[in-house]
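Biologist: Hi, could you walk me through this one? I'm new to it.

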Amino acid sequence: ELQGPSTSEVPHGVEALMLSWRPFGAAPTTLPKQHAQLVIEYEVTAWVLDPCARSVDDVRFALQVLRSAEASLVFTETCRHPAGSEASSYSLRVPGHLLQASRHHFLRVTARYLF
């Protein structure tokens, strides 16, 4: 009987994943003028999820409870938007070796003001 790597160990056929997003707008309680003067930090996280999660709701639930058997963090990186700069979009490269065949992948961008 031939045995190979399990599906979670099989490399993904993607060299890299380019994630792009538009700058986040002002928070509901922040005036646009004040927003433009603040430094914004973006945190990008990538999660690998067990393939038994069949729906978006299953994925969200797994990420909320962070059960290690169902969701694992494989990538995190932060970048800063300097105060006063006017970028039309941001992008970040997620290395393909972090992606796993036969798994769900979830990417999240979170923004926060730095005071």
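This is a predicted model: local features need pLDDT of at least 70, side-chain atom pairs count only at pLDDT 80 or more; totals for chains, interfaces and linings use all residues.

Biologist: Thanks! What is the strand order in the open sheet?

Modeller: The order is E3-E2-E5, 3 strands with antiparallel pairing. Strands here are DSSP runs of E with at least two residues, helices are runs of H or I with at least four, and both are numbered from the N terminus. Two strands pair if DSSP finds at least two bridges between them.

Biologist: And which strands stand at the edges?

Modeller: Strand E3 (71-81) and strand E5 (104-114) do; each has a single partner strand, so one side of each is left without a neighbour in the sheet.

Biologist: How many bridges join E2 to E5?

Modeller: There are 11 bridges between E5 and strand E2, which covers residues 39-49. As an example, Thr45 has Arg108 in E5 as its bridge partner.

Biologist: Changing topic: which residues have the most contacts inside the largest nonpolar core?

Modeller: Those are Trp21, Tyr42, Val44, Phe75 and Leu92, in a core of 13 residues. Such a core is a set of buried Ala, Val, Leu, Ile, Met, Phe, Trp, Tyr and Cys residues joined through side-chain atoms within 4.5 Å. Buried means under 20% relative accessible area, exposed means over 50%, and partly exposed is in between, with a 1.4 Å probe and protein chains only.

Biologist: Which strand gives the most to this core?

Modeller: E2 does, with 4 residues. E1, E2 and E4 each supply at least two.

Biologist: What does Leu92 touch?

Modeller: Leaving out residues up to four places away in sequence, Leu92 touches Leu17, Met18, Leu19, Trp21, Val44, Phe75 and Glu77. Contact means heavy atoms within 4.5 Å.

Biologist: Now Tyr90: is it buried or exposed?

Modeller: Tyr90 is buried, with a relative accessible area of 13%. Tyr90 lies in strand E4, residues 90-95.

Biologist: Okay, on to charges. How many salt bridges does the structure hold?

Modeller: It holds 4. A salt bridge is a side-chain nitrogen of Lys or Arg within 4 Å of a carboxyl oxygen of Asp or Glu. One of them joins Arg93 and Glu15, with the closest N and O atoms 4.0 Å apart. Arg93 lies in strand E4 and Glu15 in the segment before E1, so the pair ties together parts that are 78 residues apart in sequence.

Biologist: What about Glu41, which partner does it have in a salt bridge?

Modeller: Glu41 pairs with Arg80, and their closest N and O atoms are 3.4 Å apart. Glu41 is in strand E2 and Arg80 in strand E3, 39 residues apart. Glu41 counts as buried at 10% relative accessibility, whereas Arg80 is exposed at 56%.

Biologist: And Glu43, what does its side chain meet?

Modeller: It meets Arg112 in a salt bridge, 3.9 Å from N to O. Glu43 sits in strand E2 and Arg112 in strand E5. Glu43 is partly exposed at 25%, and Arg112 is partly exposed at 35%. Salt bridges that share partners join Glu41, Glu43, Arg80 and Arg112 into one network.

Conventions:
Residues are numbered from 1 along each chain as its sequence is written. Side-chain values use heavy atoms; hydrogens and water are left out.
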